[in-house]
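Here are some notes to read alongside the structure. Please keep the model open while going through the points.

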Amino acid sequence: MERSRSAFDHWMHRHHFTFRDTRGRNITVQCNLCLPKINILSTARDSTSNLKKHLECHSPSQMRKRQHTEMSEPEPLFLPPKRLKSAVWEYFGYLKDPGGTILVDGYPVCRLCRKKVSARASNTSNMAHHLRDHHPKEFSKMNRKHSVVCRRRIRDLPSSEAPSGDGPSSYGPSILENQTAESSDAKESKIDPTIYHQTSQSRLNSLVFNFIVEDVQPISILEQPGFRRLIEALSRGKKVMSRNAFINRLEVAFDKMKGELKAKLDKVQTLCTTADVWSVQDRSYFGMTCHWLEDNLERKSAALACTRIPISYTCETIIAKIQETHSSYNIESKVQATVTDNGNNFVKAFKEFASDDDQELEQSHFEDLGSILCDGEIGGDFFLSYFLPPHQRCASQTLNLIASKDLADAVSKGPAGKLHSSAAEKCAAIWHKAQSSTEAADAMESIAKMKFTAPCVNQWSSEYYAINKIMSLTDAQLNELTEVLGVPRFTPDETAYLTEYTDVFKPVAFALDLLHGEEKCFLGIVIPTLLTLKRKLEEKAANTRLFSKVIESTVKAIDSRFKQVFESSDARLATATMPQFRLWWLPEDERESLRAQLITEVLQVDQGSTEETETNGGSVHEDEFFSYGPGSSGNKSGKREAAEEVWLYLQGTNKDLKCLHEFPGVKKVFIKFNTTLPSSAPVQQLFNNGSNIVTPKGHHLSDEHFERVLLLRYNSKITTALE
C-alpha cells in the first residue's frame, strides 16, 4: 500500500535524507550526510523543522550552498496540467520531482517569496489572501488586470450571450487573457494600490480631512453633491464625512498638534516671534509665528495664533494678544525679540510696555516678593501689568519705506521730477492694458516674448522689476508695443531716464530681496547689507547724471531709519558671529571693543550651560567642585578658553556657516542673537494661506475653527497631526 504524502516529500532538502518508516503522526528518515554513521531522525509528517535543525547543526555548508543556489537560480515552477481560470495562478506554481513529474500536492509555491500555500481541491482563496497580505502591489496589479479583461469580454460578447445578473459569471479570465492587460497595467504601476483596494472608511476620512486642510479648501466642499459623488465613486460606495465629523476630527488634530508643538518649544532655549494684523472682509486677525535654530543651525518655524480681534483694534488689544499667545505656549522667558512692521499700534505697544530688561543695568534691583504679597501696597493693577519682549522692526519693510517714500519724494522734487512722472504714467498704461485685456496681453507677449504683470501696491521692488522688464526691450520692440496698445511712445529722454533709474537703484532691489528671506536670513545680515547698499549707492553717485541728490537723500534716510539697528549691541554681535562677516565690516578702531563683547557673551553662554547641566544632573562630584591644580575643570586638556576660541574664530577665513561647529561657544552666541529674523514676512505668509478660507465659500467657518485649520496646515511639517 502506497504511503500518504507528507511535508518531507516536497521539501527542498529531502535528497540529503532516506525515508525509512511511518510511525503514527511521525516519520523516520536516515541522514545521508552522516554516513558511514547510521543516524535515524524523527519528524512530524506535516513539518520538517527537526530535519532542518539537524542540517544547520551538522552540515551548515550544505544549507548555505543550497540557499546561494536558490538566490541565484531558483527552481522553476510549473502550472498544473488542467486549465486554470483564476488570475492568481500567474503568481504560483508547483515543483517537479527528479523524474520530471509536476508535484500537484495541493501546496503551490509563491513565485515572489517561494513560500508554500495550502490550496486543496483547486481552491485559490488562500493564494489570493497570501498575495493580499504579503504582496499588496502585485495583488492590486492582478485585480486591475482582471477587471480590464472582464470589461473587454463583456464588450466583445454578443448581446444574447451577455451574462445576466441572476446567475454566476462564466467569463473569468485565464492566465493568457490576463497578459492582454499589460498596457493598461503599465500606466497605473506607480499608483498606490491601497487607494483602490485597501482604503477603509477611516483612511478615506483621513485623506479627505488632509485634503481640506493642506490645500486650504472651504469646509463647505463636504456638502457639495458633486464632490460627494466623486468620492463615493472612487472609494466604491464609501461615504464622505459630514461637517460635524470634520469639526470633531479638527478638534482632535489641533489638540495633538499643540501638544507636540509645546513639547518641542520646551526644549528650545531661544526663539523669536513675528506678529502682524490682517484685515479682510470687515474682519481683523492677529497672527503670530515663532522661529528658532536647531543645534545643526537649521531654522524651524511654527504658527502660534491667527485670532480674530475687533476691527478697530488698539495697542492695548495687541499687547493682550501677544502676552496671551506667549503664555499659552510657555515661551515668555525664551523670546529674544518680537518682529513686527512699523505700524503705529505695534510701535506704541512696545514703546510703552517693553520689558524691564531693555533698561540700563543700574536701574535693576530685587524686590521683596513676600512683603509685596503680604502688604498689598501695590494694588491689584500690578498683577495686570504686561511686559513685552524686545521689539525688532521689520528691516525689509523699513527699507521698502525708504525706497517708496524717501527715494520717491527726492525723485519727484528733483530736476527730473516731471520726466519721472511722464515716464511712470506710460509704464502704468502698459500695465493696465496687460491686466484688463487678454488680447492686449497676448499681443504684448508676442512682441516682447515675455509676460507683463502689474506691480503690487506698496511694494517698491515689484514696481522696479516691472520697469526693468519694459526697459529690457529694444527700441523697435518698445515702439511696436506702444503702437499696438495705443499708448503714447516713450521719448528718448524718458527712455534714457528709466534706463539710468533701473541701473542706479538695482542695489536697493537686491537688498530688499535679501532681507525678505526666512530660512537662511539672520539678524546678522542686516548691518552688512545696509553698509554695502550705502557704499554701492555712493559709487553710483559719482557716475550718475540725474540722481546724485536722490542718492544723497536715500543714504541719509538709511542712516536715520536704521539708527537703532546700527547702534544695537544684539545686531552687532549677531553680525560678528556670522562667518561670512566676522569683524571685517567694522572700522579698525571699533573691532577690539566688539571682540571683548563677544568674549563676554561666550563666557556667559558657557557658564549658563554648565549651571543648567549641574541643575539637571543632580549632585556634583567633589573633584568637579574645586578648580585648582592640574586636571581641574578649569584646566581640562582640549578645552579652549573663551578668549582663545574667539581669537581662533576671528582669525579664520571659512565663510561657510558649518564652520561654527568647530567653535561651540561662538556657535551658542550665534544661535542666541541670530535666532531673530530681520523680517516679519513669515506671518504675512500665514495670512496668505488664510485668504483662501475667508470667503463666502467658507460657509461661515467660525473664527476658532478658521484658526485651527490655518495652524494645522502651517505646522504640518514639524508635527504629526496630519497623517
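In what order do the five strands of the open sheet stand? The points below start there; note that this is a predicted model.

1. The five strands follow the order 8-7-6-9-10, and their pairing is mixed. Strands in a sheet are held in pairs by backbone hydrogen bonds, and a pair may be parallel or antiparallel.

2. The edges. Strand 8 (299–309) and strand 10 (391–393) are the edge strands of this sheet. Each has a single partner strand, so one side of each has no neighbour in the sheet. On average, neighbouring strands here are turned by 25° against each other, with direction ignored.

3. A parallel pair. Strand 6, residues 271–280, pairs with strand 9, residues 335–340, in the parallel sense. Four bridges join the two. To find the pair in the viewer, look for T274, which stands opposite V339 in strand 9.

4. A helix over the sheet. Helix 28 is made of residues 664–674 and lies across strand 7 (283–293), strand 8 and strand 9. Relative to strand 7, helix 28 runs at about 175°.

5. The hairpin. Strand 1 (residues 17–23) and strand 2 (residues 26–31) pair in the antiparallel sense over six bridges. T18 stands opposite Q30 in strand 2. The two strands form a hairpin with two residues between them. In the turn, G24 has a positive phi of about 65°.

6. Positive phi at R114. R114 is not a glycine, yet its phi is positive, at about 65°. This residue is found in the loop between strand 5 (109–110) and helix 3 (125–134). R114 has a relative accessibility of 32%, so it counts as partly exposed: the range for that class lies between under 20% for buried and over 50% for exposed.

7. Positive phi at L297. L297 is likewise a residue other than glycine with a positive phi, near 70°. Is L297 buried or exposed? Its relative accessible area is 9%, so it counts as buried, the cut-off being under 20%. L297 lies in the loop between strand 7 and strand 8, and strand 8 is one of the edge strands from point 2.

8. Cysteines. How many disulfides does the structure hold? The number is zero. Among the cysteines, C306 has 0% relative accessibility and therefore counts as buried. C427, at 1% relative accessibility, is buried too.

Notes: Residues numbered from 1 in each chain as written. Predicted model: local features only at pLDDT ≥ 70, side-chain atom pairs only at ≥ 80, totals over all residues. Heavy atoms only, no water. Pairing = 2+ DSSP bridges. Axes fitted to C-alpha atoms, helices over the stretch in contact; angles between N-to-C directions. Contact = heavy atoms within 4.5 Å. Buried < 20%, exposed > 50% of the residue type's maximum accessible area, 1.4 Å probe, protein only. Disulfide = S-S within 2.5 Å.
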